[in-house]
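Let's take a look at how charged side chains pair up in this protein. Keep the picture open as you read.

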Amino acid sequence: MASENLFLREINLSDIHFVLEVENNRENWEVSGTQSEYMIDDIVALVESLKDVKNNKQVRYIILKDNRRIGTVDIANIDFVKGIGSIGVIISEKKNRKKGFAHSAIIMMEDIALDLGLSGLHAMIYADNEASINLFLKAGYEKNSSPDGLDLDNGDYINVEHYVKWLKR
């Protein structure tokens, strides 16, 4: 899938070091909810599991700009009965952020979601993550609710907001 020299490609084993770097970047943990580092075996297992979307209930793509990896985008927690999944996107380097790449990747993933038979996507965004909130609003997502917080493993709560978009062709 492509848009203006920006491509989405299904993740594969050649991406494991890139994905490991993105997932283990502690700056990204502030917006992803990750709390401990992944090992290379974890990423290999993830990539292998993605071959079975129906059972694993997620898809993950590499975002390429001029054939260079710049981020990842995924739909997780897919509920094929309800036709909805949870979308997430990250542009790995700050120099590539705020250039429209994440927005384009979200729009391209919406087509993939429709191809999977989904009718809606939602994103849980930390309430203080203004960049992500603005990104999803720009992409047409609407604020649905604001849960009191998300319980993390260490007992802390973080305020999150829920954004939803119902998809159409």
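Aspartate 15 counts as buried, because its relative accessibility is 0% and the cut-off for buried is under 20%. This is a predicted model, by the way. Aspartate 15 has a charged partner: its side chain meets that of arginine 9 in a salt bridge, at 2.8 Å from N to O. Arginine 9 is partly exposed, with a relative accessible area of 25%.

Why can such pairs form? Side chains of opposite charge can pair when their charged atoms come close.

How many salt bridges does the structure hold? There are 8.

| Salt bridge | N to O distance |
|---|---|
| Arginine 9 and aspartate 15 | 2.8 Å |
| Lysine 95 and glutamate 93 | 3.4 Å |
| Lysine 165 and glutamate 110 | 3.1 Å |

Now for the pair of lysine 95 and glutamate 93, joined by their side chains. Lysine 95 counts as exposed, at 53% relative accessibility. Glutamate 93 is partly exposed, with a relative accessible area of 31%.

Then there's the salt bridge between lysine 165 and glutamate 110. This one links distant parts of the chain: lysine 165 sits in strand 10 (residues 160–166), glutamate 110 sits in helix 5 (residues 101–115), and the two are 55 residues apart. Are they buried or exposed? Both lysine 165 and glutamate 110 are buried.

Finally, back to where we started. Arg9 and Asp15 belong to one network with Arg69, joined by salt bridges that share partners.

Methods
Residues numbered from 1 in each chain as written. Predicted model: local features only at pLDDT ≥ 70, side-chain atom pairs only at ≥ 80, totals over all residues. Heavy atoms only, no water. Salt bridge = Lys/Arg side-chain N within 4 Å of Asp/Glu carboxyl O. Buried < 20%, exposed > 50% of the residue type's maximum accessible area, 1.4 Å probe, protein only. Helix = DSSP H or I, 4+ residues; strand = E, 2+ residues; numbered from the N terminus.
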